[in-house]
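Please look over this model before we discuss it. My notes are set out by topic.

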Amino acid sequence: MQIRVAAGAIAALVLVGAAQAPAARPAQTEPAAPSAVPRTADGRPDFSGIWQALTTAAWNIQDHQAEKDVPGGQGIVEGSDIPYLPWAVAKRNENYKNRLTADPLASCSQPGVPRIMYMPYPFQIVQTPAYIALLFEYTHTTRHIRFGGAHPPGPIEWALGDSRARWEGDALVVDVVHFNDRTWFDRAGNFHSEQMHLVERFTLPGRDHIRYEATVEDPKVFSRPWKMAMPLYRRIETNVQILDYECQSFGS
Amino acid sequence: MVRWDSGRALRRSALPAVLLALILSGSNGPAAGQTPAPFATPPPGSPPAKIRPYGEVGGCPEEPALFHRCATEKAKTFNPPRTPDGVPDFQGFWGRAGIRNMENIEEHPETMDGSGGRSAIVDPPDGRIPYQRWAAAKRDAHFSTYLDAAQLCLPHGSPRFAYGGTKFVLQSRGYVFMLNDYADTYRIVPTDGRPHLGASIKLWEGDLRGRWEGNTLVIDVTNQLAMGPIDHVGNFVSEFAHVVERLTMIDRNVIHYTATIEDPRVFTRPWTIAFGWRRNTSPDTEMWEQGCWEGVQFALKHTDYGLKRYPGAFAK
């Protein structure tokens, strides 16, 4: 492919060159080099750095129009529909109605996974060969992601679940179970049960963005698995650092 | 029969299970008065407090002052393991050794509420925090006036971070990370020489800047919000504190930790605490979600005793 592009460029050069002085440098005719993806010493994509989602999914993971203090936004749900079971549609609607007080964030509880991944606050990824930490500015949430080892036997109910990782080529695949039923996907009341099973997929298409995908499975709430996807952007400011947002410190 | 003040003491531990047990046992005390902490520092001139004997760690006695002297010597000859970047490798799980001072970093006797311990303060030599007179009086009133920020699962700040909770240390080029099982908190310490934040950004963990001096990790802490005490009796530093922490390995499995606190608005002179961190060598250790606030918030209205939130040393 690159050879063909180069050949085409040379052909164009020859044509242009026929009419112009032969001053054009080959460097100007090469296709832009793909930005190099950083890699760790063991050759894996290196996700280390400070990242942030730029979606409005924390308010609503589906398409939504603007409201006061809520930016409008396009959803991150693949196919846009969430396949709720009938009882769960009613529950979601009730959640939506009561969202200003019923949203777990209203009492400063953790957003949980996956919502913490797209809160409008930065987080830092610390990557080692055996373990990855995600350190979130929002209520100092800490995700522990371990390579190898099985999920501990349940039942355990955590806001963040238990995360176990593996590499599939250059994709970091994280299997998450052991959730509680008290976190939401967004401010709009989209929810799951303690039976949620999440498979997250992190890939690094370029130096400065991660593609994040999560497949959600929860037979108690949904009729079939469904998927969300969004980019995470590197915070490239040279002085950027994780600050803090300690929700319960602000009082009620 | 549980004395009411033991309920007050246990409440300070911020453990949801304990809080619930207290509610169920009906051991709530009367509303706050000027009652001192049951594990308060004995007055000057008191004989040494009665405490359980200390053990040994890394070939040094655990008792803070003795450990500090011994560890300072050992650090001179120990060659620590190194990361691929050539700096000492502190990675792994660590717990505090010999510091029984979460309830009071000064010397205090063992009671049914507190583990009892010698002072963690190695300078000044009398082991007492060199408060200015007004600040000592303020400290004495804290226990009966304010909630400990740890009851709200808020980050500890410096130096409490070092003795509150067990640590999981990770390193990468230009960073040292310290994850704490207490309330799932963490510290991010850049070691790339960047300057401190501007003075108008205050943080619960403070603004941390690390550097390597030989085999010692030096952490310079400024910009603390300082809206929590540094122990259960209400010892405190202010938002103007400058803390310099030093961590040096004296053995594969032992770190010598010191912190020097400079805060001329509160103290008459700088002062230093010292103690050890001991490595957890169990191979299957994992840090798990604590979900502190998720557990505590529902019990808080029964367990806050009408105490106020601490607004900081110089709150207007």
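The numbered points below cover confidence, the contact between the chains, the folds and some backbone details.

1. Confidence. This is a predicted model. The predictor gives the complex an ipTM of 0.88 and a pTM of 0.88. Chain B has an average pLDDT of 88, and 89% of its residues score at least 70.

2. Residues 1–33 of chain B keep a pLDDT under 50. For this stretch the model has 57 contacts beyond four places in sequence. Please read those contacts together with the pLDDT of the stretch.

3. The contact between the chains. Chain A brings 28 residues to the contact, and chain B brings 26 residues. On the side of chain A, the elements that give two or more residues are β2 (123–127), β3 (131–136) and β4 (142–147). β4(A) supplies the largest share of that side, 3 residues. Sorted by class, the side of chain A that touches chain B has 10 nonpolar, 15 polar and 3 charged residues.

4. The barrel of chain A. In chain A, 9 strands close into a barrel. Their order is β1-β2-β3-β4-β5-β6-β7-β8-β9, and the pairing is mixed. On average, neighbouring strands of this sheet are turned by 30 degrees against each other, direction ignored.

5. One strand pair in chain A. Strand β8 (residues 209–217) and strand β9 (residues 226–234) of chain A pair in the antiparallel sense. The pairing runs over 8 bridges.

6. The make-up of chain B. Chain B contains 7 helices and 12 strands. Of its 316 residues, 47% count as buried. Take the contacts in chain B between residues at least 6 apart in sequence: 65% of them join residues at least 24 apart.

7. An α-helix has 3.6 residues a turn, so residues three or four places apart point the same way.

8. Cis peptide bonds. In chain A, the bond that joins Gly154(A) and Pro155(A) is cis, with omega about -5 degrees. Pro155(A) sits in the loop between β4 and β5 (162–168) of chain A. In chain B, the peptide bond from Ser158(B) to Pro159(B) is cis, and omega is near 5 degrees. Pro159(B) belongs to the loop between α4 and α5 (160–163) of chain B.

9. Positive phi at Asp69(A). Asp69(A) has phi near 65 degrees, a positive value in a residue other than glycine. The residue lies in the loop between β1 (49–53) and α2 (86–97) of chain A. Is Asp69(A) buried or exposed? Asp69(A) has 6 other C-beta atoms within 10 Å, and the cut-off for exposed is 12 or fewer, so Asp69(A) is exposed.

10. Positive phi at Cys108(A). Phi of Cys108(A) is also positive, near 70 degrees, in a residue other than glycine. Cys108(A) is found in the loop between α3 (99–102) and β2 of chain A. Cys108(A) counts as partly exposed because 19 other C-beta atoms lie within 10 Å, while buried needs 20 or more.

Definitions and conventions
Residues are numbered from 1 along each chain as its sequence is written. Chains are lettered from A and ligands numbered from 1 in the order in which they are written. This is a predicted model: local features need pLDDT of at least 70, side-chain atom pairs count only at pLDDT 80 or more; totals for chains, interfaces and linings use all residues. Two residues are in contact if their C-beta atoms, placed from the backbone, lie within 7 Å. Helices (H or I, at least four residues) and strands (E, at least two) are DSSP runs, numbered from the N terminus. Ala, Val, Leu, Ile, Met, Phe, Trp, Tyr, Cys and Pro count as nonpolar, Asp, Glu, Lys and Arg as charged, and the others, Gly among them, as polar. Two strands pair if DSSP finds at least two bridges between them. Axes are lines fitted to C-alpha atoms, for helices over the stretch in contact, and angles run from 0 to 180 degrees between N-to-C directions. pLDDT is the predictor's confidence in each residue, from 0 to 100.
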